Amino acid sequence: MTDDRGPWYLLTGLIIGFLLGFIYAWRIDRVEFVDTRPDMLSEAHRDQYRSLIASAYAATGNLVRAEARLALLGDEDPGGALAIQAQEAVVEGRPLEEARALGLLAVAFSQGNAVISSPPQASPTDTAPPPTGTPTTEPSQTASPSETPVLRTQSPTITPLPSRTPTPTAGAPFVVQQEPELVCNPASKNPMIIVEVFDASDQPVPGVEIIVLWEGGEEHFFTGLKPELGLGYADFGMGPGVEYAVRAGGGGELVSGISTAECEDDSGERYWGSWLVQYVQP
Amino acid sequence: MLRWFLFLISICLGIAAALYLGWVVLPSQNVQVSPATLRIDYKTDYVLMVSEAYSADNNLELAVERLSLLSDQPPTAVINEAVLFAAKNRYSQTDMTLMQGLSDDLLAPDVAGEAAQP
């Protein structure tokens, strides 16, 4: 090294040091996460966690607990995340029970309505304080979770409230309220079959399976997966030149002969309309 | 001599920068954490959720698949760990019963045999 070489040796030293440090940090002593929180899970595992929350909710009807669990995931919009995941589950052909559970929880969450189907059994231990969640193992030196409110796994002792969420009942099959109606909306130019399902008291019903049939195919989905459009709402994108039939619920009335139809706006421009099919439980 | 000293300092700075990136910055930006790393109370609640779902669908295969995300251990061992934590922290009897019920079903020879089948 002579003076006329300039300061490049400093850069060389930095690079050598960086490489040595990189090898150590990424190969020899990599960060391992322990004692993590649900909000730290990878995206795929967060989806699995969310799906499990929905399944547990579908089993117990305990929205208080489901909300507490959803809060652990730290989603900005838990209801929206549930609805999106429910739609993805349908599109990806995942089990219908999973999509239905996600959709029901999305609807319940958006209503903020506690549906408790099985109140906790009273016993002396039931009123004991919930677990503190104190870590029983030492947190990782490099990825220690910060102190966070811990999910209360204790069964809530609140008084069950009557549900405001209409749920599908094993009653009479759904029948068509009126003939399918062509809906012309210039803002929505993709042809769709829009299904709305109501119960006997004219309340929208989420979680009803809608079956769309066409030659060579069929599609199953549920009402309520787009809660912002209505709890009993569901839609399906149509293809031109295909004739569809729709059924709501297991033994619901079949509506056939639905195909794309055109609408015309004020300026004479033509666009695809959508078909509205409304079902009601007599 | 000064040049060698500065050279060593620059190497140390390079090492420090790489360690900071590798241990602090990049892991926090690119976290790929699985349920197996969850803290014990969250794991216990995960087991409880699986048990609650199982109580309704009776799908033992699905329950085993979900529990397998928590540990490489057999599912019964995972549940036992959760039950111990739950007992220690005085979970409700309903929750304990749900978890114990799933564990019992997993231990039942005929059902466990079916669940082991793909």
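Predicted model: local features only at pLDDT ≥ 70, side-chain atom pairs only at ≥ 80, totals over all residues.
Chain A has a mean pLDDT of 76, and 77% of its residues reach 70 or more. Among the elements of chain A, the highest mean pLDDT, 94, belongs to helix H2 (residues 43-60), while the lowest, 82, belongs to strand S5 (residues 217-222).

Attention can now turn to the interior. In soluble globular proteins, nonpolar side chains tend to be buried together. In this model, the largest nonpolar core holds 75 residues, and A:Ile193, A:Ile210 and A:Tyr279 are the ones that touch the most other members. Helix H2 of chain B (residues 40-57) gives the most to this core, contributing eight residues.

In chain A, helix H2 also pairs with helix H3 (residues 63-73). The axes of H2(A) and H3(A) come within 9 Å and cross at roughly 175 degrees. An angle over 145 degrees counts as roughly antiparallel, and H2(A) is therefore roughly antiparallel to H3(A). On the H2(A) side, the contact is made by A:Arg46, A:Tyr49, A:Arg50, A:Ile53, A:Ala56 and A:Tyr57. These meet A:Leu63, A:Ala66, A:Arg69, A:Leu70, A:Leu72 and A:Leu73 of H3(A). Sorted by class, the residues of this contact comprise nine nonpolar, three charged and no polar.

Helix H2 of chain A also carries A:Gln48. With a relative accessible area of 38%, A:Gln48 is partly exposed, because that class lies between the 20% limit for buried and the 50% limit for exposed residues. From A:Gln48 to A:Gln85 the C-alpha to C-alpha distance is 10.0 Å, with 37 residues separating the two in sequence.

Helix H3 (residues 60-67) and helix H5 (residues 93-107) of chain B have axes that come within 11 Å and cross at roughly 110 degrees. Since angles of 65 to 115 degrees count as roughly perpendicular, this is the description that applies to H3(B) and H5(B). From H3(B), B:Leu60, B:Ala63, B:Val64 and B:Leu67 meet B:Leu102, B:Asp105 and B:Leu106 of H5(B). The contact of H3(B) with H5(B) is made up of six nonpolar residues and one charged residue, with no polar ones.

Note on methods:
Residues numbered from 1 in each chain as written. Chains lettered and ligands numbered in written order. Heavy atoms only, no water. pLDDT = per-residue confidence, 0-100. Helix = DSSP H or I, 4+ residues; strand = E, 2+ residues; numbered from the N terminus. Core = buried A, V, L, I, M, F, W, Y, C linked by side-chain atoms within 4.5 Å. Buried < 20%, exposed > 50% of the residue type's maximum accessible area, 1.4 Å probe, protein only. Axes fitted to C-alpha atoms, helices over the stretch in contact; angles between N-to-C directions. Parallel < 35°, antiparallel > 145°, perpendicular 65-115°, else oblique. Contact = heavy atoms within 4.5 Å. Nonpolar A, V, L, I, M, F, W, Y, C, P; charged D, E, K, R; others polar.
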